[in-house]
Amino acid sequence: MIFFPSDVFVVMAAVGATLSIATSSSTQSVSLWDFLTLDMSKSVIVSMEIPFASADTVFRSYKIMPRSENAHAYVNAAFVMQFNSSTSTVTGEPTLVFGGIQAHDIQATQTAAMLEGANLLQKDTLTTALAKLEGEIVPVTTPVSSSAKYLKSLAISLFYKYYLAVIYDHVDPRVQSAAVPFQRPLSTGTQTYGTKPSEYPVTEPMTKLTALLQTSGEAEYTTDVPPLPHECAAAFVLSPQANCKITGVDFSTAEGMPGFIKGLTAADIPGDNNFMTMGTAEPVLVSDVCEYAGQAVAIVVAETQRQADEIALAVKVSYESQGKPLLTIADAIAAGSYFEDPGRQPIEVGDAKAAIAKSARTVEGTISCDSQYHFHMETQTSLVIPEAEGYMVYSSTQWTQRTQAAVAAVLGINNSSVDVSVRRVGGAYGGKITRSHWIAAACGLAAHATGRPVRMHLDIDTNMKMIGKRIPYYATFTIGCTEDGILNGIEATVYNNCGWCNNDNALGMALDHIDNAYYVPNWLVTPKACKTNIAANTATRSPGTCPGIFIMEGMIDQVARTLGLDPDTVRRANLYKKDQVTPIDIPLTYCNISTLWDDLYSSAEVESRKAAAAKFNEENRWRKRGLSVVPVRFWMEWGWAVPYTVHINIYAADGTVAICHGGVEVGQGINTKVAQVAAKTLGIPLDTISVKPSNTLIGPNDITTGGSITSELCCLGTLRACNELNERISPVRAANPKATWKELVAACNDQGVNLSVENFVEEKTDYQYSYNAYGVGCTEVEIDVLTGELQILRVDILYDCGDSINPDIDVGQVEGAFTMGLGYWLTEKLIFDQDSGQLLTHNTWVYH
Amino acid sequence: IVKVPVDITVNGRTYSDEVEPRQLLVHFIRENAALTGTKVGCDTSQCGSCTVTMDRVSVKSCTTLTVQANGSSITTIEGLSDGVDLHPLQEAFWNNHGLQCGFCTPGMIMAASELLRINPDPSREEIREGLEGNLCRCTGNQNIVLAVEDAARTMGG
C-alpha cells in the first residue's frame with residue numbers, strides 16, 4: 001500500500017474550498033472533507049469554489065519529499081489563520097491540515113482551538129501549541145513509508161515553520177531561516193581540461209559519432225529493430241514468494257486471453273536450464289526450489305508485448321513457503337548464511353592486532369551502504385530470430401560472447417549456430433554483463449518453442465523485481481592510530497549481500513580497494529559474502545571498488561570524530577606517497593594524490609569556505625553547512641580483462657574503413673574514441689570511418705565491456721591494428737609518395753596487400769592491476785535541520801586522467817557518474833516485504 | 001476485441017487505423033506509424049522518454065490514449081527536422097554532448113522544443129524547470145541544459 005498524499009487536497013482543504021458535484025438530476029455543494037466519504041457513482045465534479053480570505057489571513061503550504069521533482073510528499077501541510085499584527089493575536093480558529101500522516105488528511109483541531117485568540121509572541125503559546133500538536137499527530141506507517149518518528153517530527157517542524165512565518169518580523173535572526181522554505185537554487189557547472197592539438201583528433205573534445213542518429217531518433221536500440229513477419233512477444237511470470245517450493249503453474253485463465261500463444265515452464269527447456277555458463281548455474285525458469293520473490297517461473301508468449309505482459313499476470317503460481325526469507329545482511333549474519341567462498345582470501349599485512357594494541361588510540365565502528373537499481377533508461381531487452389542454421393540474437397548486452405553461450409546452452413545447440421549482435425545499449429552500468437543473458441535465453445526458448453521470432457522488452461516493474469542490483473555492504477572495524485590520527489593498523493570484517501547466488505560477487509574488489517588513498521602499515525580484513533533470498537545481485541558501476549572506498553572513508557571519519565580532529569587533516573596526513581606498497585602488495589610507482597589534494601584544496605578555496613560555513617552554522621540554528629574533501633585512488637584492472645579484439649577493414653574501392661571491436665557502445669563513447677584513434681593513426685578523416693555493431697563473429701571469446709577499461713583497451717587494439725596496416729602499406733607508400741589515400745589503397749589492393757587486419761589485445765601485466773587513476777572531490781552541503789532536506793551547494797572535482805582521448809566524453813562520464821553517485825548515497829534504496837520477500841520499491845513512484 | 005477507428009497525423013502523414021481504446025499513444029507511434037524514436041522508459045510517466053508534441057503541446061505519450069489523439073497532429077523526434085537540415089535543438093544536443101547512451105534524448109529534445117516554443121529565451125532556471133519531467137541516467141544533466149541554451153541562441157531567442 002502506498003499513501004499518495006494529495007497536494008491539491010491539503011491546500012484546498014485548508015482554505016475551505018467546496019466542490020460542486022452534479023448528477024444527471026441535481027447539483028450539490030460539498031466540503032472537501034465530506035467529499036472523502038461521498039459516493040461518487042454517476043457523479044461529476046463540476047467546479048471548485050475557493051472563498052475569499054480576509055486581508056489579515058496568513059496562508060502557507062509545505063511539502064517535504066524525497067526528491068525535488070515528481071515525488072509524492074513524505075508530509076505535506078497547509079495552514080491558515082487570521083493574524084492581527086498589531087496585537088499579535090490570532091483572530092478566530094486557525095485551520096491546520098496535514099497529509100501523509102494517515103491514509104487521509106487530518107486536521108489538528110485541538111491545537112487550532114488552543115490557538116484561538118492566543119498571543120503568538122508569548123513564548124508559552126508556542127510551547128503549548130507544539131505539545132498539543134505532538135499529541136494530535138499520530139502517524140500510520142506502511143512498509144515503504146518513513147518512520148512514525150520522522151513523519152511526526154516533520155509535521156511538528158512544518159507547524160513551527162509556519163508559526164515563525166506568521167510572526168516573522170519579531171523572530172530572532174538566528175532562527176529566521178526556519179520560516180523561509182528551503183529553496184533549491186539554480187544548478188550551474190563549469191568544465192576545464194587540457195588538450196593536445198598536435199594529436200588531434202585524439203585528445204580532441206568532440207561529440208559522439210552517432211549523436212546525429214541519436215538526436216534524430218533514428219538510432220536503433222534492440223527494441224527498435226523493425227518488426228519481423230510472424231514476430232511475437234514474451235513476458236516473464238514471477239514468483240510471488242521468496243524461499244519457497246513451486247508446486248504448480250496454472251495457465252488456464254491465461255490460455256483464454258486474447259493473443260495467448262504458449263505458456264512455457266522449465267520442462268520446455270531442451271538444453272540446460274541455466275543462463276550462466278560459468279560459475280553457479282542460474283535457472284532461466286525455476287520449477288522446484290525458488291530462492292526469491294521475483295524469480296522467473298514461467299514465460300508467456302503472446303502476439304503483442306502488451307498482451308504478454310497482461311497474460312503473465314493472470315498465470316497462477318502455487319507454492320509452499322520454506323520459511324521466513326533472509327533479506328538483509330543482518331538477517332544473514334543472524335542465520336549464519338554465508339557463501340563458502342567469499343571471493344578472496346583475507347587481507348593480512350603485518351600484524352594488525354599488535355599494531356592496534358600498541359597504538360595510543362583505538363577507534364571502533366561500523367558502516368554500511370545500500371543497494372541501487374541500475375535504472376538504465378532502456379530496460380532489459382532481446383529479440384531472437386530462428387533461422388535455417390540456428391538463431392540470430394539481438395540483445396541489449398555488455399557481453400555478446402556469454403549471451404551466445406547462454407542461448408546455445410539453453411537450447412542445447414552449438415555456440416557456432418548462434419549469432420549475437422548489438423549496435424548500442426540504452427544504458428547498462430553493469431546491469432547487462434550477465435543479467436542480459438537471462439532475457440536472451442528466454443527469448444531463445446520461446447523462439448524454439450514457437451518457431452517464430454520472439455521479442456521481449458521488460459517493463460520497469462518486472463525489471464526491478466526480477467533482476468539483481470548493486471550489492472549492499474556492511475563493515476565492522478577497529479583502528480589503532482596515534483593522537484594525531486596517523487593510522488597504524490586496521491582490523492575489519494566486510495560483509496556483502498550477494499543475494500541468492502554469488503556469481504557476480506565483487507567482494508574481492510572491495511577488499512582490493514579498502515585502503516583507497518591511504519597508507520596503513522598493518523591490515524587484517526576478513527571478507528564474508530552473505531547469502532539471502534533476494535535476486536542475485538550483479539555488477540553496478542564501480543562494483544566492490546566504490547563500497548570499499550566508502551568503507552575506508554567511513555573509517556577515517558570515525559577516527560576524526562573520535563579524536564576530535566578535522567577529517568581533512570587526518571586524510572591529508574595518511575595519503576599515499578610514491579613507491580609505497582598497498583595491502584595487495586603492489587607498489588604505487590605513480591602517485592600524485594597529495595599534489596591533487598593540495599591543488600583542489602586551493603582551487604576550491606576550501607579553507608575560506610570552511611570558515612564561512614562555521615560562521616553560517618553559528619548564526620543559523622535551523623540550517624547547517626558542511627564541507628567534505630575526499631580523495632580517490634582507483635585501480636585499473638587489466639588482469640582479468642583481456643582479451644579484446646579489434647578488426648579493421650579498408651575497402652579498396654574507396655578507401656573507407658570499417659572497424660568492429662569486442663567492446664559494446666553503452667553510452668560511454670567507445671565507438672567515437674576508437675574511430676578517433678584510427679583516424680589519427682592512419683591519417684584519414686573521421687567521416688570515412690564506420691564502427692560496426694558488436695557481434696560474435698569478431699572477438700568470439702572477448703571479455704565483457706566493463707571495469708572502465710574497455711574503451712582504452714579497444715583503443716590500444718585499434719592503435720596496434722592501424723600500425724600494422726601502416727606497415728603493410730609503407731612499401732607501396734614509399735614507391736608512390738604523391739598518392740592520395742584512395743590511390744594508395746587501390747594500389748595496395750592491386751599488389752595483393754591484405755587490407756584487413758585484426759589485433760588481439762592481450763596485455764600481460766606484472767600485476768592484476770596495471771595502474772591507478774587519482775582524483776579528489778570537495779562537496780559543500782546545506783541541510784535543513786528541521787526537515788532533513790538537503791542542498792548541495794558546490795562540488796569541485798579534480799581528476800587526473802592522463803591525456804583524455806576525448807575530453808567531452810570523459811567529462812560527461814565524470815558528471816554522469818557523480819550524479820549517479822548522488823542517487824546511490826542520498827536517495828536510492830530498496831525496501832522488501834518481510835514475509836513474502838517481494839520488492840516493494842519496484843517503480844518510480846516509490847523508488848527515489 | 002473492440003476496436004475504434006482513428007485518424008492521426010504524425011509528422012505530417014495521416015495514419016488511419018483501428019485501435020483498441022486502451023492502446024497508449026506511444027505504441028501507436030512505435031507500431032502503427034513504425035517510428036521508433038519515441039521510447040518506452042519507465043511505464044510510470046516519470047521519465048519522459050516518450051515525450052512527443054500533440055497539436056504543438058508536449059505530452060507523455062505513455063500516459064495518453066491513442067483515441068485521445070484522434071484528429072490530432074503529432075510531432076515526434078523524427079519529424080523535428082525539415083528533412084534536409086537538423087533542427088537547432090538536435091544540432092545543439094550533438095554539439096554540446098548533451099547525450100551519452102542517447103535513450104532519453106528524443107524525449108528530452110521534444111520537451112525542450114515545446115519549452116522554447118513557449119519561452120524562446122529561457123533562463124537556465126527556466127530550462128531546468130521546463131525539463132523537470134525528463135530523466136537522464138547518463139549525463140548528470142549539465143550538458144543538456146547547455147544544449148537547450150545553445151539551441152535557444154541559434155533560434156534567435
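## Conventions

Two strands pair if DSSP finds at least two bridges between them. Helices (H or I, at least four residues) and strands (E, at least two) are DSSP runs, numbered from the N terminus. This is a predicted model, in which local features need pLDDT of at least 70 and side-chain atom pairs count only at pLDDT 80 or more, while totals for chains, interfaces and linings use all residues. Residues are numbered from 1 along each chain as its sequence is written, chains are lettered from A and ligands numbered from 1 in the order in which they are written, and side-chain values use heavy atoms, with hydrogens and water left out.

In strand 29 of chain A, Y771(A) is the bridge partner of M636(A). Strand 29 covers residues 771–784 and pairs with strand 23 of chain A in the antiparallel sense, over 14 bridges. Both belong to an open sheet of 3 strands, ordered 23-29-30 in chain A, with antiparallel pairing. Strand 23 (623–636) and strand 30 (790–800) are the edges, each pairing on one side only. From one strand to the next, the twist averages 15°.

Helix 22 (residues 807–827) of chain A lies across strand 29 and strand 30, and runs at about 135° to strand 30. Axes are lines fitted to C-alpha atoms, for helices over the stretch in contact, and angles run from 0 to 180 degrees between N-to-C directions. Contact means heavy atoms within 4.5 Å.

## An enclosed strand

Strand 12 (residues 296–302) of chain A has 7 of its 7 residues buried, so the rest of the structure largely encloses it. Buried means under 20% relative accessible area, exposed over 50%, and partly exposed in between (1.4 Å probe, protein chains only).

Strand 12 has antiparallel partners. Strand 8 (residues 232–238) of chain A pairs with it over 6 bridges. There, V237(A) has A298(A) as its bridge partner. Strand 10 (residues 260–264) of chain A pairs with strand 12 over 4 bridges, again in the antiparallel sense.

## Nonpolar cores

A nonpolar core is a set of buried Ala, Val, Leu, Ile, Met, Phe, Trp, Tyr and Cys residues joined through side-chain atoms within 4.5 Å. The largest has 55 residues, of which V494(A), W523(A) and M555(A) touch the most other members. Helix 15 (residues 545–563) of chain A supplies the largest share of this core, 7 residues. A second, separate core holds 46 residues, including A539(A), L744(A), V753(A) and V757(A). In soluble globular proteins, nonpolar side chains tend to be buried together.

W523(A) reaches well along the sequence list. Leaving aside neighbours within four places in sequence, its contacts include I347(A), V349(A), I490(A), M552(A), M555(A) and P583(A). Among them are also the acidic residues E348(A) and D515(A).

## Helix 1 and an annotated segment

In helix 1 (residues 7–14) of chain A, F9(A), V10(A), M12(A), A13(A) and A14(A) are buried. The buried residues of this helix pack against helix 2 (32–35), strand 3 (44–49), strand 5 (75–84) and strand 6 (89–99) of chain A. At the start of helix 1, a side-chain oxygen of S6(A) comes to within 3.3 Å of the backbone nitrogen of V8(A). A polar contact is a pair of N or O atoms within 3.5 Å; within protein, one must be able to donate a hydrogen and the other to accept it, and residues adjacent in sequence count only if both atoms are side-chain atoms. Just after helix 1, G16(A) takes a positive phi of about 80°.

An unreviewed UniProt entry places "domain: CO dehydrogenase flavoprotein C-terminal" at residues 60–166 of chain A. UniProt positions are given in the numbering used here, feature names are shortened, and annotations may be inferred rather than shown by experiment. This stretch is 37% helix and 26% strand, with its end C-alpha atoms 9 Å apart.

T105(B) is found in helix 3 (residues 105–118) of chain B. T105(B) is buried, at 1% relative accessible area. Beyond four places in sequence, T105(B) touches Q214(A), T215(A), F93(B) and L99(B).

Most residues other than glycine have a negative phi, and most peptide bonds are trans. D579(A) has a positive phi of about 75° and is partly exposed at 45% relative accessibility. The peptide bond from Y200(A) to P201(A) is cis, with omega near 10°.
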